[in-house]
Amino acid sequence: MKTLILNGSPRKNGDTSALISMLMENLFGDVKIVNAYDGRIAPCTDCRACRKVEGCVIHDEMQEVYEYLKTCDNVVIASPVYFSELTGQLLNVASRLQIYYSARYIRKEPQLLSRKKGAVLLAAGGMGDAEKAYQTAVRLLHYMNVHEVFPMVLSANTDKLPACEDMEALIGVKNAAEFLSRL
Ligand SMILES: Cc1cc2nc3c(=O)[nH]c(=O)nc-3n(C[C@H](O)[C@H](O)[C@H](O)COP(=O)(O)O)c2cc1C
């Protein structure tokens, strides 16, 4: 089983990391983590080359992600909620998924990515309203040919209860891992 995790948090030992750690403890197989704040993946510049040719003309770490996405079984989007959304840096990385839109809807090519399952893990300080971030994540998962998405796992009040102590969220993560592991 192969799982791609897109991590939208800048904090190495923060709340999103705690959720990702719990997920990894309960997942078997190969896991590839992309940290959006590493700065190794540039944002899409809408150059529109992918409207004419396959893939992306920007040669950075995203090329490895494209390769992994061809065959992996699961994609997990994990992020803090910033202004009710996924973090901007994660959206920058996600903008490179535009090649799949171009392939499907502009060049009208058949789907080449394996069929996948997905999950969304979110951490929010306590201002509420993670629904918008979840909906954005689900949309991105669909770009990556995810057909079944686990319900939102949210650590909702990290200002008062860090995700690493949020039993409800941690159980949610375990359940998400079980869902992803089911063949
Ligand atoms: C720029 C910024 C915007 C934020 N916006 C929200 C928000 O809209 N709603 C919310 O509940 N928390 C918000 N937060 C709080 C974070 O979501 C919260 O601290 C989260 O647990 C951080 O996760 P991390 O430790 O994985 O980075 C915001 C934090 C920052 C820095």
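Visitor: Before we start, how are residues numbered, and what limits apply to a predicted model?

Guide: Numbers run from 1 along each chain, as its sequence is written. Because the model is predicted, local features need pLDDT of at least 70 and side-chain atom pairs count only at pLDDT 80 or more, while totals for chains, interfaces and linings use all residues.

Visitor: Let's begin with strands. What counts as a strand or a helix?

Guide: Both are DSSP runs numbered from the N terminus: helices are H or I with at least four residues, and strands are E with at least two. Two strands pair if DSSP finds at least two bridges between them. Here, β1 (residues 2-7) and β2 (residues 30-35) run parallel and are joined by six bridges.

Visitor: Which way do β1 and β3 pair, and over how many bridges?

Guide: They pair in the parallel sense, over five bridges. Look for I5, which stands opposite V76 in β3. On to β4 (residues 116-123): seven bridges join β3 to β4, and these two run parallel. There, V75 has G118 as its bridge partner.

Visitor: Is β3 buried or exposed?

Guide: Seven of the seven residues of β3 (residues 74-80) are buried, so the strand is largely enclosed by the rest of the structure. Both faces are covered, with N74, V76, A78 and P80 on one side and V75, I77 and S79 on the other. As for β1, five of its six residues are buried, so β1 is largely enclosed by the rest of the structure too.

Visitor: How do I read a helix in those terms?

Guide: In α4 (residues 98-106), I99, Y100 and S102 are buried. Seen down the axis of α4, these fall within an arc of 160°, so they line one face of the helix; the arc is that of the directions from the helix axis to the C-beta atoms. What covers them includes α5 (131-143). After α4 comes K108, whose phi is positive, near 55°.

Visitor: What covers the buried residues of α1?

Guide: The cover includes β1, β3, β4, β6 (153-155) and α6. The buried residues of α1 (residues 15-25) are D15, T16, A18, L19, I20, M22 and L23. Take D15: with 25 C-beta neighbours inside 10 Å, it counts as buried. D15 touches P80, A123, S155, T158, P162 and A163, leaving aside residues up to four places away in sequence; touching means that the C-beta atoms, placed from the backbone, lie within 7 Å. D15 and D166 are 151 residues apart in sequence, yet 9.7 Å apart in space, C-alpha to C-alpha.

Visitor: And what is a nonpolar core?

Guide: The general idea is that in soluble globular proteins, nonpolar side chains tend to be buried together. A core here is a set of buried Ala, Val, Leu, Ile, Met, Phe, Trp, Tyr and Cys residues joined through C-beta atoms within 7 Å. The largest one has 53 residues, among which L19, L121, L122 and V173 touch the most other members. Helix α6 (residues 167-181) gives the largest share, six residues. Not counting residues up to four places away in sequence, V173 touches L19, M22, L23, L121 and V153.

Visitor: Where is R48, and is it buried or exposed?

Guide: R48 lies in the loop between β2 and α2 (62-71), and R48 is exposed, with 12 other C-beta atoms within 10 Å. Its phi is positive, about 75°, although R48 is not a glycine.

Visitor: Last one: which residues are closest to the ligand?

Guide: G14, T16, P80, A124 and G125 are the closest of the 17 residues that surround the ligand. A residue is near a molecule if its C-beta atom, placed from the backbone, lies within 6 Å of it.

Key
Buried ≥ 20, exposed ≤ 12 C-beta atoms within 10 Å, placed from the backbone. Contact = placed C-beta atoms within 7 Å.
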